[in-house]
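Subject: Two-chain model, handover and findings

Hello,

Here is the structure I promised to pass on. My notes follow below it.

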Amino acid sequence: MYNFKKIFRKKINWILLIIYFSLFLSLIILFKYIFIIKKEVNSNIYDKVRNRELIVFNNVENLTNKLDKIDNIKYVYKDYQSLKVYNNMIGENIIKPYLKNDMPTLLIGSYPINNNEILLPETAFVNGKDLNFIEYLNKELTFTLNDNLEITFLVTGIYKNSKETGIYYNLKNLDYLLSKTPKSITNYTRVLVDHYKNVDKVINKIGNSARLYDPNGIEEINAYKYLIKLLIFLIVLTCLILTVILFITSTIIYYENKKERFMLYALGYTNYNICFNFIDYFLKILLVSFILSFITYIISMILCNKFVVTDNTVLNSLFKIDNNYLFLIPIIIIVLVILSILYIITMFRIKLNSKKGIEI
Amino acid sequence: MSSLKITIKKFFRNKLNYLILILIGICCAFSIIVNSLTYSTKEYYKDNVLNWADYRIFSILHPENREKLINKLNSMEEVIGVFDEYGYYTAWYMPDIEEHFEGKEITVRISGVAGEIPAVKGENLPATDEDVMICPITYRPLENLLVENTKLEFDLTPFIGKEMTIVPLESRSPGKDDIYKEFKIKLVGLYDNDRLNNFYHDCYTNYNTLAKIRKQVTTIKNNSHIYFQIDDKINEEKVISELKKSGYFAHSVMDIDYVLAVDSFDTLEYIGKGLFIISMLIVLCLFSYNLFRNKKIIKLNKILGYSNIRLLFNSIIETILLFINSCISLIIFLLVGIHVFKNYLPDHYPSFKQINLIISPLEFKKVFIVLIFIIAFIFIINIISLLLGKSNRKNII
């Protein structure tokens, strides 16, 4: 077994340390990046309500028995034409009936629960001006619903509208809202599925008459699917480069340690021990580089959090301090696989050379 | 002259030099390919996907003065068409192709557009209001969009030039199977939706044609949106801000979360730059390793009586050889990389079928400049170490 002091007394090992350190750092950042993108895309793109909302061309009454038997259905409700509300101060808006968990993140207040409660955006463009709606929190506002009926809502919360717009209403109270505007109800049914991945399964179970209510989301899903594929390709490419560099540098070290191996052989060491010694030597350099790169990443996270301010959400998440270090697992697996292959190759090299009767 | 020959021979005899050259070539080619790939993907999305007709259609909800807004939009040269709900889009049954899908009712979405749409088969969709449409080259029914199965795809080529029957979805009521309206529309061509990785069920016609047909089928109660199409995505910000100044808020009908895509691409660009720095650092380390290895040989040569000038000359020749061969190695690996990317990768990663890997001369220049800097650095180190060696010897004497 080598001790660390002995390994780093050799100047060449410092060069190897820098090379491996750089590669591990790039792998850490790339894997963290793909973990973030996958998480963001899954929660903010794929799992959007519009990608889970189906329309079934049949009445709710006719479907109740059939839909009750299907798992993965979160909620069943009547189909309706758009629910528009108008108010002098906040202009015209579309009401979005969503379940509480599907509503955007609250900025202030609480989510609507009762049938006369709504959630407003922080800002909106009304009559040629950008207006802030925080002042309407906990106030009652009277709207004209679908151009023909006056209805009063209590604003229970405000959400930050960086992406979403519109007024949110609790889906569980939709029947109350539709009872006020019966002309908006169609004879069809809408179904909310629990997860985007189960949509296809639910469509198959319902049959031919079910399809996505708003297929526009598919274009968005496709655009992101290809982005993720590109990232995975980049990671594969980096891993490939890491593997090639590891093998070539291991060969360089193998030649550098020629005299040492010869000495061990002369002292009576077995091929297995000589090979294990070499792997141990190599592993220690890798281990130190990995630890150093991880420490560097932690330090850069701390520094970025303190000094770097950016609007880029992905970049912010990349250097955000959190307790999720799952992205390290694939790196460790890659290194272990490479080391095992290296062990086999070294063993093979030593055996081959000793058979030939030349230096190991 | 003989000294030069010996140095060259010595360089090519050393197996480790080959390994170092392979590593340098791989690192440089890797940094160029990663940066070019990021750039090419970004350009591909910007020029193709995000500039497609659907991404250039915007809507304004319930304008107070409809006529005023329509006049305003018509006066803007970037706006190529203005229409309402009738001309926007709707879903239709296409009985002509049902037999290819085991008799299932097959739905297609026909969207109204203002400009011309180029076809890869047949003719382009004209910008005039004729009763013609253009469909995707890879068609997949709306019902099967979520399933990634090529068996569900359908080739519409045999239907080019033929009049196709379309039945409006909105003319049917639940529980009522009788179809009471049918229309004929000619399929003039097929557009390349594979290039967009998208729009598997979207056929396009002129917005006036669509509005004319829809008005015969349905009456839209809340015709409160005004839609308009712009000529190029580049003008999006200009048109939207001009409309905002006039008091209208327009938003893209595609409702796509651009922020995450843009942020991801920006971060990817930073990562690309980071990988470039890392690759160059590795190259510097390899050159330093070579220098370090040569020191042992220099010491041996000094014992044999070589002069400092000659040693410096040998070292310079060796570094130049390393530089020239590194460039050759870089070109070889770059060519291999491009070949693999263009010929083998699209089979495993269909997303790369459409992306042209643009090797920017700037990337090449950057790598070349860094290599020259590294060489200059190695020269300086060589000279300093030789001078230090000389002074040490004097001290010893």
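What distance separates the centres of domain 1 of chain A and domain 2 of chain A, taken over C-alpha atoms? It is 50 Å. Domain 1 covers 4–43 + 222–356, and domain 2 covers 52–214. These bounds come from an automatic or database domain assignment.

Ground rules. This is a predicted model, in which local features need pLDDT of at least 70 and side-chain atom pairs count only at pLDDT 80 or more, while totals for chains, interfaces and linings use all residues. Residues are numbered from 1 along each chain as its sequence is written, chains are lettered from A and ligands numbered from 1 in the order in which they are written, and side-chain values use heavy atoms, with hydrogens and water left out.

Sheet in chain A. Four strands form an open sheet, ordered β2-β12-β1-β13, with antiparallel pairing. (Strands are DSSP E runs of at least two residues, helices are H or I runs of at least four, both numbered from the N terminus; two strands pair if DSSP finds at least two bridges between them.) β2 (73–80) and β13 (210–212) of chain A are the edge strands, each pairing on one side only. Neighbouring strands of this sheet are turned by 30° against each other on average, direction ignored. β2(A) is joined to β12 (residues 185–193) of chain A by 6 bridges. A:Ile73 has A:Val193 in β12(A) as its bridge partner.

Sheet in chain B. This open sheet has 4 strands in the order β2-β10-β1-β11, again paired antiparallel. Its edges are β2 (79–83) and β11 (250–252) of chain B. Strand β1 (residues 57–61) of chain B runs antiparallel to β11(B), with 3 bridges between them. B:Ser59 stands opposite B:His251 in β11(B). Helix α6 (residues 236–245) of chain B lies across β1, β2, β10 (225–230) and β11 of chain B, at about 145° to β10(B). (Axes are lines fitted to C-alpha atoms, for helices over the stretch in contact; angles run from 0 to 180 degrees between N-to-C directions.)

Helices within chain A. The axes of α2 (residues 11–46) and α8 (residues 271–307) of chain A come within 8 Å and cross at roughly 50°. That makes α2(A) oblique to α8(A). (Under 35 degrees counts as roughly parallel, over 145 as roughly antiparallel, 65 to 115 as roughly perpendicular, the rest as oblique.) The residues of this contact divide into 18 nonpolar, 4 polar and 1 charged. (Nonpolar is Ala, Val, Leu, Ile, Met, Phe, Trp, Tyr, Cys and Pro; charged is Asp, Glu, Lys and Arg; the others, Gly among them, are polar.)

Helices within chain B. α7 (residues 258–303) and α8 (residues 308–343) of chain B pack at about 150°, axes 11 Å apart. α7(B) is therefore roughly antiparallel to α8(B). Their contact residues divide into 4 nonpolar, 5 polar and 2 charged. Among them are B:Phe287 and B:Asn290 in α7(B) and B:Leu311 and B:Glu318 in α8(B). (Contact means heavy atoms within 4.5 Å.)

Between the chains. Helix α6 (residues 216–256) of chain A packs with α7(B) at an angle of about 10°, with axes 12 Å apart. The two are therefore roughly parallel to each other. Contact residues include A:Tyr224, A:Leu227 and A:Glu256 of α6(A), and B:Tyr258, B:Phe265 and B:Arg293 of α7(B). By class, the contact has 14 nonpolar, 1 polar and 3 charged residues.

Best wishes
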